[in-house]
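Please look at the sequence and the model before reading on.

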Amino acid sequence: MATPTLDRTDLTLPPETERLIRERVDTLAAERLGQLVDERVAAAMRRDPARNTVAIIASKGTLDMAYPPLILASAAAAMGMEVEVFFTFYGLEIIKRGGASHLKVAPIANPAMPVPMPNILGMLPGMTPLATWMMKSRFFAKHNVATLDELLDQCREFGVKLIACQMSMDVMGVAREDLLDGVEIAGAATFLDFASTAHTTLFI
Amino acid sequence: MTTAIHIDRFVDAKGQMCPMPVLTLARAIKELAPGQVLALAATDQGARRDIPAWAERTGNTLLDEREEAGVLTFTIRKTA
């Protein structure tokens, strides 16, 4: 049985039909093209290395503020991200040899402390060691939170780059030997160069 | 009834607090061959969302997650 064939030369459409067909094709093509472009862009953004890069500045040297940069850095590294932590100013304390275990937290002028204490009490001798001990044991140890030293080990294990700020070291008289092994030393420009490629940049 | 998935490795992260469950998982999954399955038990409530986020990020497959008596158990297949 002969299949009906469409002979192009015999096919003449009225101009109106031509126009309608053309419009329809245009609409469909635009939709489909739009879809394809969206898909490609989404895939490219997922592949974007910046999405996998985290730059953290750690500028504080108290017990409570040393945790966020280290927890975030180790968690990010465990998720396969490339992480650099830049320790500047008081943050240098965290990466000094033996530094992490000596960080303290003062109850004075710290109204967010879990056990609120009037400043007039907070300034008494012994209150800072007390507050530090309470935070270490009741806050962290009791709930099985890793110690700062443990977190630093984890960071190293997962390849987090720990960088000490050159300027802060000079200003505070910190020598390379005072810092933990494996810590690099760099300045603002080096860090900013890395941070400029990072999707996530945090100042702590 | 779901068919039982064969677990190649069981990781106990009970009692560990953020970020340790994710770190423990990342460490353990390195020792698996692609296609192998591990089960992770955690008590950290933050793990409820952290573990799926980790799986999404690292391209590994979360096969199952359940909770029983405060213990969250995640079953993950190593794909990457």
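The sections below cover the model, the domains, the interface and chain B.

## The model

This is a predicted model, in which local features need pLDDT of at least 70, side-chain atom pairs count only at pLDDT 80 or more, and totals for chains, interfaces and linings use all residues. Residues are numbered from 1 along each chain as its sequence is written, while chains are lettered from A and ligands numbered from 1 in the order in which they are written.

## Domains of chain A

Chain A is assigned domain 1 (15–47) and domain 2 (49–203); such bounds come from an automatic or database domain assignment. The centres of these two domains, taken over C-alpha atoms, are 51 Å apart.

## Where the chains touch

Between the chains, 12 residues of chain A are in contact with 12 residues of chain B. Two residues are in contact if their C-beta atoms, placed from the backbone, lie within 7 Å.

On the side of chain A that touches chain B, helix α2 (residues 63–78) gives the most, with four residues. Helices (H or I, at least four residues) and strands (E, at least two) are DSSP runs, numbered from the N terminus.

## Chain B

Chain B has two helices and four strands, in the order β-α-β-α-β-β along the sequence. Of the contacts in chain B with a separation of 6 or more, 61% join residues 24 or more positions apart.

The C-alpha atoms of chain B fill a box of roughly 30 × 25 × 20 Å along the principal axes.
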